[in-house]
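Below is a walk through one protein model, from the whole chain down to single residues. Please keep the sequence and the 3D view open while reading.

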Amino acid sequence: MLLAIIQNYQIFKILAIGSDRTVTHNHTTITIENITPQHYSWKFWPIVPLYPYSQRRTIRKEVIKDTIWTFDQIQGIFYVVVPIRMTVVKLEHGGLLVYAPVAPTKECINLVNELVAEHGEVKYIILPTISGIEHKVFVGPFARCFPNAVVFVAPGQWSFPVNLPLSWLGLPGKRTQVLPTDSQKTPFADEFDYAILGPIDLGLGKFAEVALFHKRSQTLLLTDTIVSIPAEPPAIVQLDPYPLLYHAKDKADDLVLDTPEKRLKGWQRITLFAFYFRPSVLDVPRWKDVFRDAWKAPERSRKSYFGFFPFQWRSGWEKSYQALRGNGRIFVAPVLQALILNRAPQETLKWADQVCKWDFQWIIPCHLDAPITAQSQQFRKAFCFLEKYPKTSLNRINCDLPEDDFQLLRDIDQGLNRFGIVPPAQEKI
């Protein structure tokens with residue numbers, strides 16, 4: 001594993017120095033020829049103001065030769081950065097299907113157009129969620145780059161605070177359709193099947209997800225329900241390692257050198273933040289101490305949040321990370337376990353059982369690791385947190401995460417319930 005980290009590190013050192021060529025590593029394409037900030041500029045970032053704001057790099061990776069490609073960008077808050085992913089599938093009779101578009105920067109669209117030139121135009125664009133604004137916000141702009149593509153959206157779309165027509169939300173009105181309940185009624189039914197989870201009522205809004213199965217490659221495309229944590233920082237995160245190094249610090253006045261070990265340390269802590277918000281192994285110091293320590297920081301620039309580092313990691317935090325990662329097994333993100341899917345356990349398990357009928361060998365989610373080697377049995381085990389009595393003890397071992405790390409999520413859940421903002425969680429099945 002360390003050797004792989006070092007190899008990736010050398011590649012990204014090349015990028016940092018600069019080059020006039022395209023780098024390909026393990027079927028990952030990073031086009032850096034004549035790349036300037038204008039190529040990865042995203043001017044609509046204030047709509048969803050997530051890091052890296054107006055600068056969004058894209059990495060394309062060929063997952064299955066001449067068949068499936070992923071396009072990774074990053075997003076985050078307070079340098080807690082994780083990949084957000086679009087998947088492109090070649091259609092058997094020519095053309096492309098796009099699942100969950102990302103920001104259509106010039107760099108991203110150029111990478112897509114390279115596939116268009118070889119495999120045909122973008123025919124279908126799928127918006128597989130109704131609540132993930134970080135996915136929804138890109139669909140309209142992306143669709144305008146491919147004016148012949150038909151846009152299919154998950155049923156039950158909504159907006160807050162006022163429900164608006166899809167055309168008012170930027171989607172092309174004349175070529176946007178709602179996915180029918182019967183997947184056989186779509187023009188791509190001979191190559192794909194899908195199952196729709198939800199909409200699940202969450203009070204102020206709703207949650208839904210479209211699981212899309214590509215039959216020929218035996219690949220399952222998902223949005224948010226299933227994730228797996230890679231052992232190494234993803235390539236897209238390493239293009240700019242500053243967030244990794246920021247979270248590798250132990251205190252405000254640390255001067256962290258850029259090494260593979262420090263990048264890995266930062267990545268492990270970032271995943272704990274991303275899934276638990278505040279894991280049990282993290283203490284938040286008093287604000288007067290935070291201000292005092294900020295003055296000792298070797299860097300007090302805007303980029304470094306003026307020296308502020310309001311985190312204090314307990315010794316042994318690595319155990320919490322290892323429990324979360326679980327050797328790379330697939331699982332349902334804690335926020336979905338504690339705040340969303342527990343509102344509809346029966347509906348969720350029914351959806352999971354429907355997905356398990358497909359003979360898939362690969363899973364490509366929109367976040368974290370991809371592709372993941374996994375089959376239906378592993379997929380179904382990931383939802384055992386909704387069951388009172390899992391069928392085997394192995395199921396319970398594979399799905400339980402440390403309860404202490406859920407404390408903040410439980411507190412949020414209780415607060416939302418107390419004020420009647422969300423419906424109460426239902427009993428496990």
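Does Phe-160 count as buried or exposed? At 59% relative accessibility, Phe-160 counts as exposed, where exposed means over 50% relative accessible area, buried under 20%, and partly exposed in between (1.4 Å probe, protein chains only).

The model is a predicted one, in which local features need pLDDT of at least 70, side-chain atom pairs count only at pLDDT 80 or more, and totals for chains, interfaces and linings use all residues. Residues are numbered from 1 along each chain as its sequence is written, and side-chain values use heavy atoms, with hydrogens and water left out.

Phe-160 sits in the loop between β8 (150-153) and β9. Together with Leu-204, Phe-419 and Ile-421, Phe-160 forms a nonpolar patch on the surface, with about 470 Å² of accessible area in total. Such a patch joins nonpolar side chains (Val, Leu, Ile, Met, Phe, Trp, Tyr) within 5 Å, or like charges within 9 Å, from residues with over 30% relative accessible area and no salt bridge; a salt bridge is a side-chain nitrogen of Lys or Arg within 4 Å of a carboxyl oxygen of Asp or Glu. Accessible areas come from the Shrake-Rupley method with a 1.4 Å probe, and for residues only the protein chains shown count as cover.

The protein chain as a whole has 13 helices and 18 strands, taken as DSSP runs (helices H or I, at least four residues; strands E, at least two) and numbered from the N terminus. Of its 429 residues, 55% count as buried. The accessible surface comes to about 19700 Å², and 54% of that belongs to carbon and sulfur atoms.

Asp-190 lies in the loop between β9 (176-178) and β10, and counts as exposed because its relative accessibility is 53%.

Finally, the cysteines. With a disulfide defined as a pair of cysteine sulfur atoms within 2.5 Å, the count comes to zero disulfides. Cys-108 is in no disulfide, and its nearest cysteine sulfur, that of Cys-145, is 8.4 Å away. Cys-108 counts as buried because its relative accessibility is 0%.
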